[in-house]
Amino acid sequence: MVLSDRSIRQQMAAGRIVVDPCSERDIQPSSIDLHLGTQFQVFRNSRYPYIDPAMEQQGLMDAVEATTGEPFVLHPGEFVLGATIERIELPDDIVARLEGKSSLGRLGLLIHSTAGYVDPGWLGTLTLELSNVANLPIVLTPGMAIGQISFMQMTTPVERPYGSPELGSKYQGQVEPTPSRSFRSRL
């Protein structure tokens with residue numbers, strides 16, 4: 001069941017869901033608006049001839065910082081990582097979904113390729129997988145509303161929340177756009 005604005009406020013007041021920072025104007029009927037941070041990770045195309053998810057490739061991505069005075073310009077066909085300003089914390093019985101804002105989607109901006117699911121037990125900012133599928137560049141200004149997060153109540157608490165040591169959770173506690181850690185996968 002998707003939580004309503006009333007239920008989201010109740011869960012936040014009880015400290016079970018944390019979205020920090022969050023203002024009242026960010027709470028929508030069944031979601032909370034999230035905002036774009038200042039840091040991005042961009043591919044350094046000349047470093048490697050290909051991407052191998054099974055191995056660590058140092059220097060595959062470069063960090064870039066944007067400001068409101070000098071925003072990040074995402075060119076057509078380009079893929080970069082960004083992050084939310086907000087830190088999200090979920091209990092062991094609530095999952096969340098990250099989705100783009102429809103107004104930005106209508107301009108050709110996608111905010112995640114496949115990573116729209118936020119596990120119970122999550123703690124950290126959310127890395128955004130930003131793609132421009134339009135024919136013109138899109139200006140990404142830090143602080144802009146970039147997406148929304150909705151919350152779903154699970155039937156029971158999970159036995160092993162994200163971040164449990166035996167899971168090998170690769171992104172727990174992240175505070176900036178985090179490149180792939182697929183090379184750390186368990187066999």
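Okay, quick definition to get going: two strands pair here if DSSP finds at least two bridges between them, and strands are DSSP runs of E, at least two residues, numbered from the N terminus.

This is a predicted model, so local features need pLDDT of at least 70 and side-chain atom pairs count only at pLDDT 80 or more, while totals for chains, interfaces and linings use all residues. Residues are numbered from 1 along each chain as its sequence is written, and side-chain values use heavy atoms, with hydrogens and water left out.

Let's start with the sheet of 5 strands. It's open, the pairing is antiparallel, and the order reads β4-β3-β6-β12-β9. At the edges you've got β4 (61-65) and β9 (109-110), each with a single partner strand, so one side of each has no neighbour in the sheet. Now look at β3, residues 39-43: this strand pairs with β6, residues 79-83, antiparallel, over 2 bridges. Val-42 sits opposite Val-80 in β6.

Next, the open sheet of 3 strands, also written with antiparallel pairing: β1-β7-β11. Here β1 and β11 (123-124) are the edge strands, pairing on one side only. Strand β7, residues 87-89, is joined to β11 by 2 bridges, and Glu-89 faces Leu-123 in β11.

Last stop, Ser-30. Where is it? In the loop between β1 (18-20) and β2 (32-35). Ser-30 has a relative accessible area of 34%, so we call it partly exposed, meaning between buried (under 20%) and exposed (over 50%), with a 1.4 Å probe and protein chains only. Leaving out residues up to four places away in sequence, Ser-30 touches Val-2, Leu-3, Asp-5, Ile-8 and Ser-150, where contact means heavy atoms within 4.5 Å.

Note on methods:
Helix = DSSP H or I, 4+ residues; strand = E, 2+ residues; numbered from the N terminus.
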